[in-house]
Amino acid sequence: MFLRSRTRLRRAATAALVGAGLVATAVPALAAPGVPAAPGSISAPAAAGLRSYLVITAPNDTAGAKTAVANNSGTVYASYDAIGVIVAHSSATDFATKMRAVSGVQQVGATRTSDVPAEAANPAIPASPSQTTPTANETNRSDMTQIKADQAWAVNPGSSSVTVGVLDTGVDDQHYDLKANFDATKSASCAYGKLDTRAGSWRDTGSHGTHVAGTIAAAKNGKGMVGVAPGVKIASVRIAETPSGLFFAENTICAFVFAGDKGLDVTNNSYYTDPWLFNCPSDADQAAILEGTKRAALYAEGKGVLNVAAAGNENYNLASKSNDTTSPNDSTPVTRTITNSCLSVPTELPGVVTVSSINSSNTKSSFSNFGTDKIAVAAPGDNVYSTVPGGGYGAKSGTSMASPHVAGVAALLVSVNPTATLADLRGKLGVQADDLACNDSRCSGTTAKNNFYGEGRVDALEAVSGTTPPPTGKVFENTNDVQIADSPGAAVFSDVVVSGVTGNAPATLKVDVNIVHTWRGDLVIDLVAPDGTAYRLKNSSSNDSADNVIATYTVNASTEVANGTWRLKVQDVARYDTGYINSWKLTF
């Protein structure tokens, strides 16, 4: 479903066409699961009771499970052997129960609470709309000037060797502003959970994906509008089904694996996987969805793909979850109690660059989700003007519209740093971002990093400058590995000796931490000043199951003498998961 409010996500930015243009309604488009082509409609079943399941095994060990699927009244619809995920269909009500007892099967989960649509058996290729050639000249739009994209174009518009995958409702590849940058060889449909590479399978079944694509890379050709990175390529991986317009987990899994196999550089994910706004590990079905999508996203990352996703449009604190009233959205929603262990997918998957939305005043959009350590960066998402199918243009609002701005900036970064690692790219997005101060009682953190805007508004001009601005002060770093004792072991320390700095430490002392550790919620991290005063950087959290702590913290250390031995203190307060301090540094 598109990112809108948990319920509005899919209906993101409903709009009415006027001539060749589009006039958006006030309904915000969310960045999350896709926007449905026909909101509220449910696909006709292929057969009464036919459901879709994820059957999860060890990677490259699916043969036995495939046999078991057939032996338990099911069929293998698709298989992603490299990550150990099988998409199975069955009408048997006890299919999941029986499959969970099969040797070698790790998890089994239903991906929907509605029947598999008839379209899954023989998907139609979306029609190519008739095209209108734009007559209006390009103008500098406010969203592009906010992130300095208009200045970046004169320096570097992006490289044609860089490709951004739009995982969405599809893309109108014949649109006047998109066709020059569209790469059909890296486009496909993953609707229903099976790869379809037939020509045109990637076309838009709504308008959401085409709008996203224009923001990323609409050509700089004098007409219509210009994307953040008008020199890069775009590919479409359609994951929205018809007629429901929903984005189920198997579709997302297929898309991430395809993105990795095709060597895409960046993916934009302005949706959440249906039917659950949040997937809870305590539920067997949702646990399988979490595991399957996590493996797929990490597979793409392993192939060098940076995944960017919208935070969602519910004005919800993702770091303080309590309830969900909108799921499942493919049948009858119920009110359920949830915890922080329940995750929005792909927004909260490990490694994903999560984007919140700001308005033209550089404050949080009314609909944008937020949360401490949930938001990486922010970008414009209110009333964004971009391409729609058939050669038209229109305005939409939502975190769905903010995310492609960041995907475009990431594409510029790859263009000028082709050998950069994903960690480098994530780091540059944050370091180069323009700080945004809190302006709301719910906003917490510092100007440099807070729960509304993460590390700030992305900066396209900095992305193409070739170098990250040097720190304003001296840098002291320790790159020696320090093993972290598993609980109930004692805390460990890594030291840096600061010298040559006059007076006290700054009020904005930056602490960059790189810790390799599974289940990072086990860790408590403190900065210890030379006089022994401890500054808490990170608390433990039983709900934070993500791997590694790669973060920049800002500490008001203005009462501390700068010179002396500063220590990073790390303690594992829960059993089983282990790791080490990889490096850390102080910037004065």
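How many bridges pair β4 with strand β5 (residues 85–90), and in which sense? They pair over 6 bridges, in the antiparallel sense. A quick word on ground rules: this is a predicted model, where local features need pLDDT of at least 70, side-chain atom pairs count only at pLDDT 80 or more, and totals for chains, interfaces and linings use all residues. Residues are numbered from 1 along each chain as its sequence is written, and side-chain values use heavy atoms, with hydrogens and water left out.

**The whole chain**

The protein chain has 10 helices and 26 strands. Both are DSSP runs numbered from the N terminus (helices are H or I with at least four residues, strands are E with at least two). A compact globule of 588 residues would have a radius of gyration near 25 Å, and the protein chain agrees, with 24 Å. That radius is taken over C-alpha atoms, and the globule rule is 2.2 Å times the number of residues to the power 0.38. Along the principal axes, the C-alpha atoms fill a box of roughly 70 × 65 × 40 Å.

**The sheet around β4 and β5**

Back to the opening pair. β4 and β5 belong to an open sheet of 4 strands, ordered β4-β5-β3-β6 with antiparallel pairing. β4 (74–80) and β6 (105–110) are at the edges with a single partner strand each, so one side of each has no neighbour in the sheet. For pairing, DSSP has to find at least two bridges between two strands. From one strand to the next, the twist averages 25 degrees.

Helix α1 (residues 63–71) touches β3 (51–57), β4, β5 and β6, and its direction makes about 155 degrees with that of β4. α6 touches β3, β4 and β5, with its direction at about 50 degrees to that of β3. Contact here means heavy atoms within 4.5 Å. Axes are lines fitted to C-alpha atoms, for helices over the stretch in contact, and angles run from 0 to 180 degrees between N-to-C directions.

**Two helix pairs**

Two packed helices are described by the angle between their axes and the distance between the axes.

| Helix pair | Axis distance | Angle |
|---|---|---|
| α6 (residues 249–261) and α7 (residues 284–302) | 7 Å | about 15 degrees |
| α8 (residues 399–416) and α9 (residues 422–431) | within 10 Å | roughly 120 degrees |

The angle makes α6 roughly parallel to α7, while α8 and α9 are oblique to each other. Under 35 degrees counts as roughly parallel, over 145 as roughly antiparallel, 65 to 115 as roughly perpendicular, and the rest as oblique.

α6 passes α7 in a left-handed crossing, whereas the crossing of α8 and α9 is right-handed. Left-handed means the near helix is turned anticlockwise from the far one by less than a right angle, and right-handed means clockwise.

On the α6 side, A249, T252, I253, F256, V257, G260 and D261 meet I289, G292, T293, A296, A297, Y299 and A300 of α7. By class, that contact has 9 nonpolar, 4 polar and 1 charged residues. Ala, Val, Leu, Ile, Met, Phe, Trp, Tyr, Cys and Pro count as nonpolar, Asp, Glu, Lys and Arg as charged, and the others, Gly among them, as polar.

For the other pair, V406, V409, A410, L413 and V414 of α8 touch L425, K428 and L429 of α9. This contact has 7 nonpolar, no polar and 1 charged residues.

**A second open sheet**

Another open sheet of 4 strands runs β20-β25-β22-β23, again with antiparallel pairing. Its edge strands, β20 (492–498) and β23 (534–538), each pair on one side only. Neighbouring strands are turned by 20 degrees against each other on average, direction ignored.

β20 and strand β25 (residues 564–572) pair over 7 bridges, with F493 opposite K569 in β25. Strand β22 (residues 523–528) is joined to β23 by 4 bridges, and V528 stands opposite A534. The β22 and β23 hairpin has 5 residues between the strands, and G532 takes a positive phi near 95 degrees.

Most residues other than glycine have a negative phi, and most peptide bonds are trans. A cis peptide bond joins S327 and P328, with omega about -5 degrees; P328 is in the loop between β12 (323–327) and β13 (334–337). Another cis bond joins S487 and P488, with omega about 10 degrees, and P488 is in the loop between β19 (482–484) and β20. W519 has a positive phi near 50 degrees and lies in the loop between β21 (509–517) and β22.
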